[in-house]
Amino acid sequence: MEAFEKIKKSPALGFVKHFPRAHFIAVAALSVVLVGASMLPSDNASASRHEQVIAIPALSQVDEQPITLPVEPPPPEVKQTPYRISNQTVRSGDNLSLIFKRAGLSDKHMIGLLNGNADSKRLTKLFPGHTLEFSISDEGELVELQYVKSRLNKLVYTKLDSGYDFEEIVRQPDIHSASRSGKISTSLFDAGMQANLDDRLIMEFANIFGWDVDFALDIRKGDTFKVLYEEKFLDGEKLGNGEILAAEFINQGEAFRAVRYVNEDGESSYYAPDGTSMRKAFLRAPLDFRRISSNFNPKRLHPITKVVRPHRGTDYAADRGTPVWAAGAGRVIASGYTQYNGNYIVIQHGNNIQTKYLHLHKRFVKKGDRVKQKQRIGSVGSTGLSQAPHLHYEFLLDGVHRNPRTVINKLPKADSIAKSEMARFQNQTQVWIAELEPTTNTRYAASDILSESAEAKSSL
Ligand SMILES: [Zn+2]
């Protein structure tokens, strides 16, 4: 108690009326402590509980004299307008009227708002999962409505004497970059999860390389990946992940690299470091790799006819109903049913390439239709000579079954960055390409890069 006693014995020098607010707060806080101390049983507790004399060395240096101040009386009760708050989450099939009713309001209130501001029309498009926060007065009036789309965007309607005021609040997250890398032991998906990538980033990664790599059949244990991506923060709290900035996949010893480039029109796409588009005329696999069963071994001995035939094409086992995509843009030249093929589709791409899709459960295109790349043309089934749901996929070049990966130089060329745009491309992407290359000697100014690497451990 010595320190307190010493303080209490300091001479009172009267009120100091003017001093900086920060000091006032510090002094006020200390005086509260002293009030507490003075209430303890003590022979020396003689100072008034309402007026403390204190001497704080730090403050003394600033103000050059000890100061005293009255203990602040408790602030007067601020009369809070007692609004009732009702938070309502938009459900599927909801409409504004239903939500108003759940908040304890009527159609009269809803119409009052809709007529009270032209921007209230924006409330007629509601999305499940968004929330509406109602502030309702004692008299049952809607004082404020906030339509919260996300932490970054909300619409605020505030009651005026007549009608409603409208304000849209948009916040921008802080963007940092992060990186993750891993080694594949079972599947890209497992390795991605182990490296703490979320589903969307893993799928985006597979999409970026989906023209070069068949993530169901091409991957091997020991393949490695590295991903640089955006992380979004708001008020220091992570909101989620943004776009992939650059990525690398080393598949069976072959390195594939991609970097995101945003052109002058604001359109983004992925390119190899030399400026050729990652998009090619053909997808490597005409279905989502995550839905392909990993333990599927196509047998040459046909399970039903028991005839050994060289297997032309690729079999992908997947659940019945899994969407099947057109591997490339083209025209449907056959869509029908035969005893062996079951439901099948053939697409002609240019003059010399055909793709075939067999054993489909359903067909969604007919002969003569034009299809776009990755358009859903059917679903996986087990029709025709098939024992279990799977897609039999064939790629024919000049009538011969080929692996599109090995005939890449005979396929249509991918789009490239124009010569005139190359300097802009390199300027924008070189920092990310350098980040993919840990052994690079070049150092770019990248102070904003938070690099974090998580080597996924083998799960074997
Ligand atoms: Zn087959």
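Tutor: Two strands pair if DSSP finds at least two bridges between them. Helices (H or I, at least four residues) and strands (E, at least two) are DSSP runs, numbered from the N terminus. This is a predicted model, in which local features need pLDDT of at least 70, side-chain atom pairs count only at pLDDT 80 or more, and totals for chains, interfaces and linings use all residues. Residues are numbered from 1 along each chain as its sequence is written, and side-chain values use heavy atoms, with hydrogens and water left out.

Student: In which sense do S4 and strand S5 (residues 142-150) pair, and over how many bridges?

Tutor: Strands of a sheet pair through backbone hydrogen bonds, either parallel or antiparallel. Here S4 and S5 pair in the antiparallel sense over six bridges, with Phe134 opposite Leu145 in S5. The two strands form a hairpin with five residues between them, and Gly140 in the turn has a positive phi of about 85°.

Student: Which strand does S4 (residues 131-136) join through a further six bridges?

Tutor: That strand is S3 (residues 84-89), which runs antiparallel to S4; Asn87 stands opposite Glu133 in S4.

Student: Is Asn153 buried or exposed?

Tutor: Buried means under 20% relative accessible area, exposed over 50%, partly exposed in between (1.4 Å probe, protein chains only). Asn153, in strand S6 (residues 153-159), is buried because its relative accessible area is 16%.

Student: Which residues does Asn153 touch?

Tutor: Contact means heavy atoms within 4.5 Å. Not counting residues up to four places away in sequence, Asn153 touches Tyr147, Val148, Glu168, Ile169 and Val170.
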